[in-house]
Amino acid sequence: MKKTIKYDTYIKILYPILFLTAVSCFPRQDVNSDKIHFTTRGLILDVNDLSTVDWPLKAKRAGLTTLATHITPSQVTEFIESARGQQFLKECREHGIAVEHELHAIHDLLPRDLFYVDSTMFRMDTAGRRRADYNLCVHSKAALDTVGRNAVKYARILRPTTARYYFWIDDGMPMCSCSKCRSYSDSEQALILENELVKVLRREVDPDATLAHLAYGNTLEAPLKVKPAVGVFLEYAPFHRTWARSLLDTAAIGREGGKGISHAQYLKKLDDNLKVFPVETAQVLEYWLDVSLFSDWKKPAAALPWNLKVFTEDIDVYAKRGITKITSFGVYMDADYFKKYPSIKFLNQYGQGLKEYQLR
């Protein structure tokens with residue numbers, strides 16, 4: 001008589017084989033990934049840096065997650081549409097590096113020659129004169145419409161792999177003082193613009209789009225009269241601090257006097273902003289690796305004055321506030337820089353320090 005295998009016995013034999021086969025089809029996950037505090041570990045570089053150095057590979061080896069382009073939408077578009085830019089994107093995909101674009105944008109989003117078409121789109125200075133020098137009037141519908149259209153145009157070309165967009169106002173420059181704008185701080189005017197832009201980006205480009213509110217210089221103060229729209233996240237940039245001392249030294253005054261801003265004041269302003277914006281999406285934009293800053297924005301570049309102790313203490317300060325996203329400028333780290341200063345020890349200490357950090 002032919003011997004048969006009972007159904008339950010069959011299942012007991014076959015199920016483990018099927019299970020192991022199925023599991024083997026999925027990518028292996030880092031068993032320690034749930035223990036990584038800083039989930040974004042980024043670096044911002046300009047198009048010359050990205051054109052002359054194999055940054056995706058360096059980023060991968062250093063433990064970074066994200067590379068961001070810089071400086072303006074038009075400059076970065078020219079790079080991304082070039083053969084070298086396309087190669088950069090390909091290498092980022094191959095190495096698992098996310099791509100973002102952190103941009104001083106208003107001059108491209110509201111071209112200055114439009115001043116002669118409609119000057120009311122542009123900011124009014126404190127003397128009551130419309131000026132085409134910086135930024136815009138955020139209470140001009142024509143200005144907001146123009147900025148929105150151009151943001152969509154650039155966003156379709158410069159689409160980040162993270163859905164996080166960065167269209168900053170002009171670098172530390174004043175906003176509008178017209179009768180409708182003057183009762184709002186520069187931070188609040190920036191947020192009025194950002195609230196409109198994120199809606200346009202979500203409608204026209206990416207329903208998951210989020211947009212940075214850059215707290216920096218004249219926009220450090222937390223907005224009070226204006227609340228962030230869904231999708232607007234905080235990017236906090238302590239530009240006038242000193243990097244000779246960590247943020248734990250709250251009495252320290254910023255570089256070159258730092259416009260009188262102490263580390264204690266910087267942390268207070270950060271805490272104020274975290275009461276307005278969700279900490280879960282907040283990002284700190286630091287300058288530990290910003291060769292351009294330490295070179296006073298002049299070439300040939302100076303060697304980076306990397307301070308591991310300051311960096312280590314700083315990231316602990318940020319982590320204890322619940323921040324999980326960190327990036328730093330690294331501009332001027334191009335082929336000429338590494339030819340003169342070949343060591344990348346600082347880069348590895350930055351990336352691995354963020355990756356291996358454990359909240360204490």
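The legends below describe close-up views of a predicted model.

Local features are given where pLDDT is at least 70 and side-chain atom pairs where it is 80 or more, while totals for chains, interfaces and linings use all residues. Residues are numbered from 1 along each chain as its sequence is written, and side-chain values use heavy atoms, with hydrogens and water left out.

View 1. Helices (H or I, at least four residues) and strands (E, at least two) are DSSP runs numbered from the N terminus. Of the 360 residues, 53% are buried, where buried means under 20% relative accessible area with a 1.4 Å probe and protein chains only. Among contacts with a separation of 6 or more, 73% join residues 24 or more positions apart; a contact means heavy atoms within 4.5 Å.

**View 2. Eight strands form a closed barrel with parallel pairing.** The order is β1-β2-β3-β4-β5-β6-β7-β8, and the twist averages 30° from one strand to the next. Two strands count as paired if DSSP finds at least two bridges between them. Helix α4 (residues 73-80) packs on the sheet and touches β2 (66-69), β3 (98-104) and β4, with its direction at about 145° to that of β3. Helix α9 (residues 263-274) also packs on the sheet, where it touches β5 and β6 (232-236), and its direction makes about 175° with that of β6. Axes are lines fitted to C-alpha atoms, for helices over the stretch in contact, and angles run from 0 to 180 degrees between N-to-C directions.

**View 3. Strand β5 is bridged to β4 and to β6.** Two bridges link β4 (residues 164-168) with β5 (residues 210-215) in parallel, and Tyr165 stands opposite Leu211 of β5. Five bridges join β5 to β6, again parallel; here Ala215 has Tyr236 of β6 as its bridge partner.

**View 4. Strand β6 is covered on both faces.** In a regular strand, side chains alternate between the two faces of the sheet. Val232, Leu234 and Tyr236 are buried on one side of β6, and Phe233 and Glu235 are buried on the other. Two bridges join β6 to the parallel strand β7 (residues 283-286), and Tyr236 has Val284 of β7 as its bridge partner.

**View 5. The largest pocket has a volume of about 500 Å³.** On a 1 Å grid over the protein atoms alone, a pocket is an open set of points with protein on both sides within 12 Å along at least five of seven lines, and lining residues have an atom within 4 Å of a point. A volume is the space filled by probe spheres set on the points, which are joined across faces, edges and corners. The lining has 25 residues, with His70, His104, Asp171, Tyr216 and Trp297 nearest the centre. By class, 14 are nonpolar, seven polar and four charged. Ala, Val, Leu, Ile, Met, Phe, Trp, Tyr, Cys and Pro count as nonpolar, Asp, Glu, Lys and Arg as charged, and the others, Gly among them, as polar.

**View 6. The second largest pocket holds about 300 Å³.** Its lining includes Ile36, Arg41, Lys60, His95 and Lys355. Three lining residues are nonpolar, six polar and three charged.

**View 7. The largest cavity holds about 80 Å³ of space.** A cavity is a set of points where a 1.4 Å probe fits but cannot get out; the whole structure has four of 30 Å³ or more. Of the 13 residues lining the largest cavity, Trp168, Ile169, Leu214, Tyr216 and Thr219 lie nearest its centre. Elements α8 (186-204) and β5 each give two or more residues to this lining, which divides into six nonpolar, four polar and three charged residues.

Definitions and conventions: Buried < 20%, exposed > 50% of the residue type's maximum accessible area, 1.4 Å probe, protein only.
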